[in-house]
Amino acid sequence: MEYYLVRTKRRTVSISVREGTVVVHAPLRSSQAAIDAIVQKRADWIARNLMRQRAELALRNRFALHYGSSVLFLGEEKRLIPAAVPHTQLRGGEIALPEGLDSEGIRQGLIRFYKEQARVILAEKLTRFAPLVGVAVPALRITSAKGRWGSCSGSAVNFTFRLMMAPEDAVDYVVIHELCHKKEMNHQLQFWNLVKEAVPEYPVAAAKLLALQKRLQCENWE
């Protein structure tokens with residue numbers, strides 16, 4: 001089995017599958033035979049993950065947006081329509097985009113739309129939920145992060161524009177989650193008690209985010 005080997009100052013061998021490539025991190029002094037044996041032992045797990053990731057990559061490569069396609073906004077499917085508008089805007093159950101856009105133009109227009117909506121919606125939620133958690137309203141930054149819905153950095157909180165695709169209760173959970181980090185910069189019991197006090201049903205919201213994450217793994221929003 002082919003894999004990309006990275007030797008570092010570490011004590012154990014770790015194996016990961018990234019974008020259809022097997023990556024092995026190993027100690028500097030590990031023999032090639034020992035590394036190969038560990039890889040072979042995990043062969044079934046590696047094969048399953050390679051198959052899954054290659055299928056997801058194929059779907060991402062085929063992902064294209066057109067007028068008539070549907071995308072998520074706050075957990076609801078919205079149909080994309082061409083209209084005589086200067087920029088992307090919400091119209092009830094539809095999202096109107098300027099006429100004459102190709103697939104890439106539609107995608108870029110939607111990303112701008114999501115970011116604009118995020119600045120308004122998340123600013124309001126931070127103002128509403130900060131007193132509930134007992135913290136000052138932090139500065140807001142909208143990012144294009146793929147691996148995190150939100151994060152804290154200094155006096156600001158960061159949210160990916162992809163969060164605008166999630167159901168609103170899941171969005172509320174992510175906002176409160178990051179606000180709670182202003183009190184507890186960890187994921188220990190005291191932190192989760194803060195989250196549960198503000199969002200008793202947070203596991204339900206977390207499950208919705210996981211389902212959305214699986215969908216987005218098959219869509220190309222780069």
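Biologist: How many helices and strands are there in the chain?

Modeller: In this predicted model, the chain holds six helices and 10 strands. A run counts as a helix when it has at least four residues, and as a strand when it has at least two.

Biologist: What makes a residue of the chain buried, and what share of the residues is buried?

Modeller: A residue is called buried because its relative accessible area is under 20%. Of the 222 residues in the chain, 41% are buried.

Biologist: What part of the contacts in the chain with a separation of 6 or more comes from residues 24 or more positions apart?

Modeller: Such residues account for 49% of those contacts. Each pair is called a contact because heavy atoms lie within 4.5 Å.

Biologist: How much space lies in the largest pocket, and which residues are the closest to its centre?

Modeller: The largest pocket holds about 580 Å³ of space. Its lining has 23 residues, and Glu 19, Arg 60, Lys 146, Leu 216 and Gln 217 are the closest to the centre. Strand S2 (14-18), helix H2 (43-62) and helix H6 (202-216) each give two or more residues to this lining. H2 gives the most, with six residues.

Methods
Residues are numbered from 1 along each chain as its sequence is written. This is a predicted model: local features need pLDDT of at least 70, side-chain atom pairs count only at pLDDT 80 or more; totals for chains, interfaces and linings use all residues. Side-chain values use heavy atoms; hydrogens and water are left out. Buried means under 20% relative accessible area, exposed over 50%, partly exposed in between (1.4 Å probe, protein chains only). On a 1 Å grid over the protein atoms alone, a cavity is a set of points where a 1.4 Å probe fits but cannot get out, and a pocket is an open set with protein on both sides within 12 Å along at least five of seven lines; lining residues have an atom within 4 Å of a point. Grid points are joined across faces, edges and corners, and a volume is the space filled by probe spheres set on the points.
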